[in-house]
Amino acid sequence: MRLRFEPASPPVVDQAPESLRGADAVLLPHGFLHGAPHVDLFSDTWCRVVATANEQVGDALTMDDLRKLPWVCTYLSATAFTTVARQLQELGIEPRVTAVVESFLALPHLVAGTDRIGLIQGHLAARLSGLDGVRVLPCPFEPVPLVVALWWHPAHEDDPEHRWMREVFGEAGRTLPSAARRPAGRR
C-alpha cells in the first residue's frame, strides 16, 4: 500500500462531499462534513502562541489580550476555519487578523519576534520547546476540543481493503501521545 497525503486545501474542504468521491479518504476535523461514514482518530486541545519578547503578555493571556492584540490565523474564510475561532466569535471576540497562513507549522514563525498571537494544537505546541522566540500559553477560556476523523465515501463502506486501511488509521490514532488522543469510535 502506498499513501499520498495532500493538504486539505480550502477547495477540498468547501466541496468535501464531492472530494470524497475522488479520494480513498479525507482527514478532517469534525464540523466540515456531516452524514458521511468516519472514524474518530484523535482529539486535541488548543493553545496560544506568543513571542517570548512580547511584553504586552504576562504569564497568562486574558480575554482582553485576545481582543486587542494582532493575530496570525489559519484558514480564514467562511468555510475554512477552526472550530475554536468560531467559538471566539460566539464569545464576542473578533480577532484583529494581520496575517493568514494555511499551515499550523508555519504559524509560530509568524508570531516570533512580533506582538502577534496565534492558536495551535496542543500536540504541536508540545514540539515547540526547541523553537526560539515563542512561548506557549493556555487559552483564557475553555476551548472546544479538536476532533480529527478519517472520512470516506459510503461506496467504500463494505470494501475489505478499505476497511483494513481504516483499521490501520484507527490504530495509528490510538498510538498518539495521550494528550492528543481520544479512543477511536466509528460512526
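1. Two strands pair if DSSP finds at least two bridges between them. Keep that rule in mind for this predicted model. Strand 1 and strand 8 (residues 146–151) are joined by four bridges and run antiparallel. Within this pairing, L28 stands opposite A149 of strand 8.

2. Now take the whole sheet around that pair. Three strands make up an open sheet, in the order 1-8-2, with antiparallel pairing. Strand 1 (26–29) and strand 2 (38–44) are the edge strands, and each pairs on one side only. From one strand to the next, the twist averages 25°. As background, strands of a sheet pair through backbone hydrogen bonds, either parallel or antiparallel.

3. A helix covers part of this story too. Helix 7 (residues 160–174) packs on the sheet and touches strand 1, strand 2 and strand 8. The direction of helix 7 makes about 15° with that of strand 2.

4. Next, strand 3. Strand 3 pairs with strand 6 (residues 117–121) through five bridges, and the two run antiparallel. The bridge partner of V49 in strand 6 is G118. Five bridges also link strand 3 to strand 7 (residues 134–138), again in the antiparallel sense. There, C47 stands opposite P138 of strand 7.

5. Which way do the side chains of strand 3 point? W46, R48 and V50 point one way, while C47, V49 and A51 point the other way. In a regular strand the side chains alternate between the two faces of the sheet. Strand 3 is mostly covered, with six of its six residues buried.

6. Strand 3 leads on to the core. The largest nonpolar core has 38 residues. Those with the most contacts inside this core are W46, L61, L66, I117 and I120. Strand 3 (residues 46–51) gives the most to this core: four residues. In soluble globular proteins, nonpolar side chains tend to be buried together.

7. Look at I117 as one example. Leaving out residues up to four places away in sequence, I117 touches a list of partners that includes V49, V50, L61, L66, L69 and V111. R48, D65, P70, W71 and V72 are also among the residues that I117 touches. Another core lies apart from the largest one. This other core has ten residues, among them A16, L20, V26 and A149.

8. Is L88 buried or exposed? L88 is buried, because its relative accessible area is 0% and the cut-off for buried is under 20%. L88 sits in helix 4 (residues 83–90). Beyond its neighbours within four places in sequence, L88 is in contact with L66, W71, I93 and F141. L88 and P143 are 55 residues apart in sequence, yet 8.6 Å apart in space, C-alpha to C-alpha.

9. C73 is part of strand 4 (residues 70–74). Its relative accessibility is 10%, so C73 counts as buried. Not counting residues up to four places away in sequence, C73 touches V97, A99, V100 and V101. C73 and V101 are 28 residues apart along the chain, and their C-alpha atoms are separated by 6.3 Å.

10. How many aromatic pairs are there? The count comes to two. In one of them, the rings of F5 and F169 have centres 6.3 Å apart and planes at 55°, so the pair is tilted. F5 lies in the segment before helix 1 (10–14) and F169 in helix 7, so this pair ties together parts that are 164 residues apart in sequence. F5 counts as exposed, at 56% relative accessibility. F169 counts as buried, at 13%.

11. W46 and F104 also form a tilted aromatic pair, 5.9 Å centre to centre, with 50° between the planes. W46 is in strand 3 and F104 in the loop between strand 5 (96–101) and helix 5 (107–111), so the pair ties together parts that are 58 residues apart in sequence. W46 and F104 are both buried.

12. Finally, charges and rings. The charged end of R48 sits over the ring of W71, 4.1 Å from its centre. The charged end of R166 sits over the ring of W152, at 4.3 Å from its centre.

Definitions and conventions: Residues are numbered from 1 along each chain as its sequence is written. This is a predicted model: local features need pLDDT of at least 70, side-chain atom pairs count only at pLDDT 80 or more; totals for chains, interfaces and linings use all residues. Side-chain values use heavy atoms; hydrogens and water are left out. Axes are lines fitted to C-alpha atoms, for helices over the stretch in contact, and angles run from 0 to 180 degrees between N-to-C directions. Contact means heavy atoms within 4.5 Å. A nonpolar core is a set of buried Ala, Val, Leu, Ile, Met, Phe, Trp, Tyr and Cys residues joined through side-chain atoms within 4.5 Å. Buried means under 20% relative accessible area, exposed over 50%, partly exposed in between (1.4 Å probe, protein chains only). Rings of Phe, Tyr and Trp (its six-membered ring) pair if their centres lie within 6.5 Å; planes under 30 degrees apart count as stacked, over 60 as edge-to-face and the rest as tilted. A charge sits over a ring if NZ of Lys or CZ of Arg is within 6 Å of the ring centre and within 35 degrees of the ring normal.
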